[in-house]
Amino acid sequence: MPDKQGKNKALIIGAGTGGLLAAAALSPYFKTVQVVEKDSLPLSPAVRKGVGQAAHLHSLLLGGLQILERFLPGIADDLRQAGSKTLRAGLDQQIHEYGVWLPERDLGFEILAQSRYLLEHVIRNRVARLDNVVIDDHWRIEQLILSTGKTVVGAVGSGDSSDTQELLADLVVDCSGRAGKFVRQLSNFFPDMDRVDEIQSNIVYASAFVDKPQALVGQQENILIIAEPGASAGGALIDVEGNRWCVSLHGRNGVVPPTDPEAWKSFARSLPADRIYQRLTQAEYIHPVSVYKKPLSIWRRFDLMTDFPSGYFPLGDVITSVNPTFGQGMTLGFGHAVALNDAFAAGGSDELIQKHYLKAAADWSQKAWRVCAAYDSSFKGDELSRQKNFQILRSLSLKKQNEAIADPEAHKRLFRQAQMINH
């Protein structure tokens, strides 16, 4: 284990997947890593209140799985034992975009598919086994503690006792989510904290777990049908544990999927291709439909600030929250954890470590943001602007698709890019 560099304690606010992996990333460099979470953390895989998208489809990109393996070796086996499904890239995946299905071809990779809450449960169990990591639930953090030198030195909150306490730390990692509660607090002292790039996503998801028919129990698949301007409806289906599919249908620019299970199933017919609808007609049972709204994608530009609070390390959705269509969110947060680990591994002064981190985290954000911005631009503006942006994006996408259809190596490159492999 590397030297602790004299650091006593890191405090991480938020025990989602990003916060948990941040704990694993910092574990070699601190004597104690404390993760605090306002929710009650379930003992078995279950939806919890603090994760707004827990009941929706989440893709664990292969790049994300590789990062998990870096910090938690053997976790892929843990996930399989817990019920994750193994999908063969290119064969069990079916992707439809701009009227074209990508070819069925073995790309030589395997992807793990599971519910969001099973993934978090397995990660949490592994991180909790690290000897210097403590995970405490029922902690509501009210505000950060700032020293006279405008350094973040901890947080104020209340645990089970309900008495307000100070949690002092050498470093605070903010994984509290896209709302940016603590960013707003810090903006009172650091005016540049509110510098944000925004893109209108105007997307509404309606998702449900669906019991598979017995005839399809042995067939694992992931279907992605990307919404197109003019259609404004898309969806995804993926196998998860328990012989179920997780299916998310979405609409844009005022198109809202219904929540009645039968109407929701019928909505799937409005997608640019009918493959998800065909699966749903065979379903044994459709569980209650959950809705999630995503009006904006945001990127807080901490990397461009000239005056930034020492001791404060934002991570995940606090920095960048993007359109969920391409499944980049969790892997982006994992990438930020890589940046955190790399910054401490490189060493140097506290200021240099923080600067290194913010730059590397921004590099991860940029990769996801480019995809999100290009896609969302084809849905915004007046009709003429939308059509122009759509035609540009469609031409680029079809060029890549045609290359992938003709050349297996081009297909692999497209897959690796989509899966955020080898950042």
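**Entry 1: the second largest cavity**

I began with the residues W299, R300, F302, D303, I319, L358, A361 and A362, which line the second largest cavity. For my own reference, a cavity is a set of points on a 1 Å grid over the protein atoms alone where a 1.4 Å probe fits but cannot get out, and lining residues have an atom within 4 Å of a point. This is a predicted model, in which local features need pLDDT of at least 70, side-chain atom pairs count only at pLDDT 80 or more, and totals for chains, interfaces and linings use all residues. Residues are numbered from 1 along each chain as its sequence is written, and side-chain values use heavy atoms, with hydrogens and water left out.

I noted about 50 Å³ of space in this cavity; a volume is the space filled by probe spheres set on the points, with grid points joined across faces, edges and corners. Which element gives the largest share of the lining? I found that α9 does, with three residues. Both β17 (290–300) and α9 (350–377) supply at least two. Helices (H or I, at least four residues) and strands (E, at least two) are DSSP runs, numbered from the N terminus. I sorted the lining into six nonpolar, no polar and two charged residues. Here Ala, Val, Leu, Ile, Met, Phe, Trp, Tyr, Cys and Pro count as nonpolar, Asp, Glu, Lys and Arg as charged, and the others, Gly among them, as polar.

**Entry 2: the largest cavity**

My search of the whole structure gave two cavities of 30 Å³ or more. The largest has a volume of about 60 Å³. I looked up its 13 lining residues and found A46, R48, Y117, E120 and R124 nearest its centre. Seven of the lining residues are nonpolar, two polar and four charged.

**Entry 3: a sheet of three strands**

Next I traced an open sheet in the order β8-β9-β10, with antiparallel pairing; two strands pair if DSSP finds at least two bridges between them. β8 (140–146) and β10 (164–168) are at the edges with a single partner strand each, so one side of each has no neighbour in the sheet.

I then followed β9 (residues 152–158), which five bridges join to β10. S158 has T164 as its bridge partner, and A155 has L167. What separates the two strands of this hairpin? I found five residues between them, and S162 in the turn has a positive phi of about 70°.

**Entry 4: confidence**

Last, I checked pLDDT, the predictor's confidence in each residue, from 0 to 100. The chain mean is 91, and 95% of the residues reach 70 or more.

Note on methods. On a 1 Å grid over the protein atoms alone, a cavity is a set of points where a 1.4 Å probe fits but cannot get out, and a pocket is an open set with protein on both sides within 12 Å along at least five of seven lines; lining residues have an atom within 4 Å of a point.
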